[in-house]
Structure formats: C-alpha cells, structure tokens
Amino acid sequence: MEENCFIFKWDIENISFWSQKKGGGIKSPPFIMETLRRTKWQLIFDPSKGDFEIYLKRHEDCERLSTIGIKYEYSIFSEKKIIAKSDRFFHTFREANDSDEGTDVVWGETFPESLPQDTLTICCKMWKCVGSMEERVECVARTRIGVERKSFDWAVEQVSDLEPKTRSTYIIRSVSGGKSIMSLNFFIAAEGIICLKLNTLWENLYAFHLRGRILDASGVPEHNTIFECNFHDPLYKELYFPFHLKKDELITAIYSSFVNNGLTLRCECAFSTGIAFSGIESIVYGCNTSSMNSAVSDPLSNIVARNLKSVLREQLFCDTKLKTKTRCFPAHKCILGACSPVFKALFTQEGVEECVNVEDLDDDAVERMLQYVYLGKLGGLEWESACKLHDVAAKFEILCLKKECSSFLKTDLTPSKACEALIHADKKKDDDLKKAVQNFIVEHGKDIINSDAWKELMGTHLQLAADTMIQKFK
C-alpha cells in the first residue's frame with residue numbers, strides 16, 4: 001500500500017499564450033499542507049529557459065517551522081495521460097520563501113507540439129522525511145491564462161493611392177477592458193512591396209496571434225494572400241509582414257478584389273493580457289486513490305457534462321434570467337430547480353416572471369454559481385470570492401456548493417481573517433463553519449484576542465465573541 005502523501009494537482013489552461021519572457025515562471029495558487037502543521041507552499045513552472053523547469057518553494061507568508069525537510073516528485077499530464085515524470089527528491093527548506101533549485105523535466109520523444117484543449121497539468125506529490133502523514137490529501141488548483149478572441153473585416157480604402165508615407169490603420173481593442181491592444185498598418189514599403197506592420201499599444205500584452213486573408217469582390221478569401229503573425233516577446237514592439245507582392249502586382253493579380261478602389265482583409269486574432277484567475281478548486285481528505293492515476297471515467301457522465309457545457313456556453317433554450325445590478329445571466333429553470341429548493345419553489349409558482357432579480361448578489365459570484373450547477377466546477381477561488389459565493393449558496397440553499405465554499409474558507413483561514421470569517425459564518429447560519437472558526441480562534445489565542453479586529457468584534461457582536469470564548473472552557 002502506498003504511503004500517505006499530500007498531492008497537489010495544478011491545471012494550467014491556455015498554456016500556449018504564456019509569454020516565455022514576461023515575468024518568467026507561472027506561479028501556482030498558494031496551498032496549505034494541513035498534514036505538515038499548516039505550512040504554506042507554492043509551485044513555479046518556468047518555460048523560459050528552453051528546458052521546462054518546476055520549482056517548489058515555501059510561500060512568503062509561511063512563518064511556521066524554521067526548517068522543514070520533505071521528499072517530493074513531479075509528474076506532467078495531458079488529458080490524464082502522463083507525458084513526463086521526475087525522480088523523487090529531498091530538500092531542506094530553511095525559511096519562508098526558500099525554494100529548491102529547480103527540476104529539469106526532460107520531455108520524451110513523443111511529447112506533443114500542442115496540448116489537447118491547450119491545458120497542461122502538473123502533479124506534485126509530497127511526503128514527510130521523518131514519520132508519516134496521518135492521511136492522504138489531494139488538493140486541486142487551476143490557473144487560467146485569459147484569452148480574448150476577435151474576428152473582423154478590415155476595409156482598406158483607396159488602395160491604388162497608397163504611397164510609402166501613407167497608410168491605412170486599424171486599432172484592435174480589448175472588449176473586456178476597453179484598452180487599445182494592437183495597431184495594424186497596411187502600407188507600401190520603399191520598394192513598392194505591400195506590407196502589414198503591427199505595433200503593440202499596451203505594455204502588459206503577453207501574447208498576440210493574428211491570421212487573415214484578403215477577400216475578393218465576392219467575399220471569398222484569396223488563397224495566395226494568407227498572413228499569420230505571432231507575438232510572444234513583450235519587448236518586441238513591432239512586426240513587419242510583407243505580402244511579397246508590389247502594389248501594381250496586387251492590383252493586376254487580384255483586380256477583382258477591389259471594390260471602389262478598396263479591398264477587405266478578413267482577420268482573426270487572439271491575445272492574452274495575463275492571468276485571468278488562479279485558485280484552489282477542491283481539497284479531498286483521506287482519498288485512497290488519486291484522480292491522476294485513473295484515465296478512465298464514466299462515458300455517460302462525460303457526455304452529459306459536454307452537453308451541459310454546450311448549453312451553458314451557447315445559451316440554448318434558456319427560459320429564465322438572473323439579473324444583478326449590472327449583468328443578466330440566461331439560465332434554465334429545470335437546472336436551477338434541480339439543485340436549489342429555493343429556485344424550485346419560485347419556478348413552480350403561478351405567474352412567476354421570466355427575470356429573477358438578484359441585485360443583492362455579486363456578478364462574479366452568480367457566474368461562478370452557474371458554472372458549478374451546470375458543470376460541477378468552482379474555478380479559481382480566493383478568500384473574497386469564496387465568501388461571496390458562499391452568500392449565493394446560502395441564499396438559494398445549494399447545499400453542496402455551500403459545503404465546498406465552507407471547506408475552502410476553513411482551509412484558507414488565518415488569524416487576520418478569523419473575526420471576519422466568524423461574523424460571516426454566524427450571519428449565514430453555517431454552524432459547521434462557525435464551529436471550525438471558533439476552534440481556530442481558541443487555538444491561536446493571544447494572536448487573535450489582542451488584535452484590533454477582535455476589539456471591533458467585541459463592540460459589534462459581543463454575544464458572538466462571548467460564545468466563542470466559552471468554547472475555550474468546554
């Protein structure tokens with residue numbers, strides 16, 4: 001039987017959009033090893049040196065234990081199939097922010113040039129050097145590199161009048177942030193060659209892909225005018241792309257492409273401005289087998305999951321909406337009613353309106369709730385987002401989601417967050433979370449009782465503070 005260990009599984013989505021020269025490695029969400037006296041850790045995946053490297057480090061907030069020795073090993077997965085594995089290592093971490101020296105992961109000859117769904121999974125198993133862990137723990141985290149995709153037709157007018165000093169310009173802007181990302185300039189170079197020049201307009205741009213063609217008069221792409229450009233270096237501000245055709249040759253070769261002395265470029269682009277979210281998704285205690293060891297899953301479950309994902313993404317056959325202060329989320333009564341008794345009661349009433357007003361809830365929390373009830377996924381959680389999602393779960397009595405959020409809040413609990421967590425648990429009538437926070441406060445004693453947050457709690461929630469202190473003497 002395999003010795004108990006702590007398993008950290010980390011999915012990195014849209015990995016091809018990570019700039020290899022901007023900021024070096026990708027940092028995982030910090031994670032706490034309950035089985036090693038609540039020490040805090042982090043992985044760093046660094047693809048910037050040609051040889052892909054993985055680092056394990058004590059997190060900068062980790063103040064427990066001056067010296068820690070552990071054994072660990074890495075595995076790299078794609079669609080649950082192992083594609084690389086390291087040896088087992090030993091390292092003594094002497095202080096917070098200390099890290100190992102990095103482990104080169106040598107790829108096999110069959111390592112794919114592109115990954116399915118553009119997702120890389122790193123698994124780190126950790127063991128105590130002295131003694132054994134009480135139970136097996138699996139922590140699952142996710143980091144998604146945000147990608148925005150756009151398709152557009154760019155009308156270039158008065159092509160025959162273009163000269164080396166004149167150009168037609170198109171600005172690509174981010175829909176989500178409104179920032180100007182890239183300028184495209186169509187012009188005639190000094191030797192009469194038709195060129196496309198790209199200029200980055202935002203210094204925080206991580207990666208940019210552009211592909212396009214010139215359309216003929218009937219709107220059909222001309223085969224010999226395909227262009228494709230890729231930016232992966234943020235220091236590389238400009239890129240020239242010659243069409244290898246002079247202006248006269250272009251007009252002669254594809255004269256039918258010109259309408260009123262203009263032509264159209266059909267373009268598709270995708271770009272990233274960095275990490276969209278990164279957080280812990282789930283923690284399972286006492287699991288006998290890691291999900292990473294099984295590449296076989298229920299085919300029926302996979303089919304249902306894919307169908308629900310398609311329904312959510314394409315907003316097919318929606319018959320209700322959840323309206324916050326700033327957004328409106330299409331949904332399905334049957335899905336919401338199946339997971340929430342509150343929604344079930346609401347939708348079985350006569351004369352219920354199509355739009356459900358939830359203006360007291362956070363936009364991101366409502367979106368995360370829908371992701372969970374449709375797909376069973378939480379996405380990257382942090383303390384604030386977990387609290388807000390817990391609010392949604394409590395309001396609609398989605399018990400499984402409430403339990404997931406509660407579990408995350410317990411795991412991420414620190415002395416500085418304890419008073420806030422206690423008030424939150426009491427307000428939402430989550431007795432299990434409340435008891436866990438009270439026990440945490442009793443365990444940490446003076447660190448919390450002497451804080452300004454506790455004094456404020458005494459002033460606003462005196463009975464709650466008193467009930468907590470009673471726990472110390474039970």
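Strands β4 (residues 39-46) and β5 run antiparallel and are joined by six bridges. This is a predicted model. Across the pair, W41 stands opposite R58 in β5. Strands of a sheet pair through backbone hydrogen bonds, either parallel or antiparallel.

Now look at β5 itself, residues 53-58. Is this strand mostly covered or mostly open? It is mostly covered: six of its six residues are buried. Both faces are covered. E53, Y55 and K57 lie on one side, and I54, L56 and R58 on the other. Each of these residues counts as buried, with under 20% relative accessible area.

Move on to another sheet. This one is open and has three strands, in the order β20-β19-β21, with mixed pairing. Its edge strands are β20 (328-331) and β21 (355-357), each pairing on one side only. On average, neighbouring strands here are turned by 25° against each other, direction ignored. Four bridges join β19 (residues 320-323) to β20, and the two run antiparallel. L322 has F329 in β20 as its bridge partner. Helix α5 (residues 363-375) packs on this sheet and touches β19 and β20. The direction of α5 makes about 15° with that of β20.

Finally, take a pair of helices. Two packed helices are described by the angle between their axes and the distance between the axes. Helix α9 (residues 431-444) packs against helix α12 (residues 462-470) at about 70°, with the axes 9 Å apart. That angle makes α9 roughly perpendicular to α12. The crossing is right-handed. K434, Q438, I441 and V442 of α9 meet L464, D467 and T468 of α12. By class, this contact has three nonpolar, two polar and two charged residues.

Terms used:
Residues numbered from 1 in each chain as written. Predicted model: local features only at pLDDT ≥ 70, side-chain atom pairs only at ≥ 80, totals over all residues. Heavy atoms only, no water. Axes fitted to C-alpha atoms, helices over the stretch in contact; angles between N-to-C directions. Parallel < 35°, antiparallel > 145°, perpendicular 65-115°, else oblique. Left-handed = near helix turned anticlockwise from the far one by under 90°. Contact = heavy atoms within 4.5 Å. Nonpolar A, V, L, I, M, F, W, Y, C, P; charged D, E, K, R; others polar. Buried < 20%, exposed > 50% of the residue type's maximum accessible area, 1.4 Å probe, protein only. Pairing = 2+ DSSP bridges.
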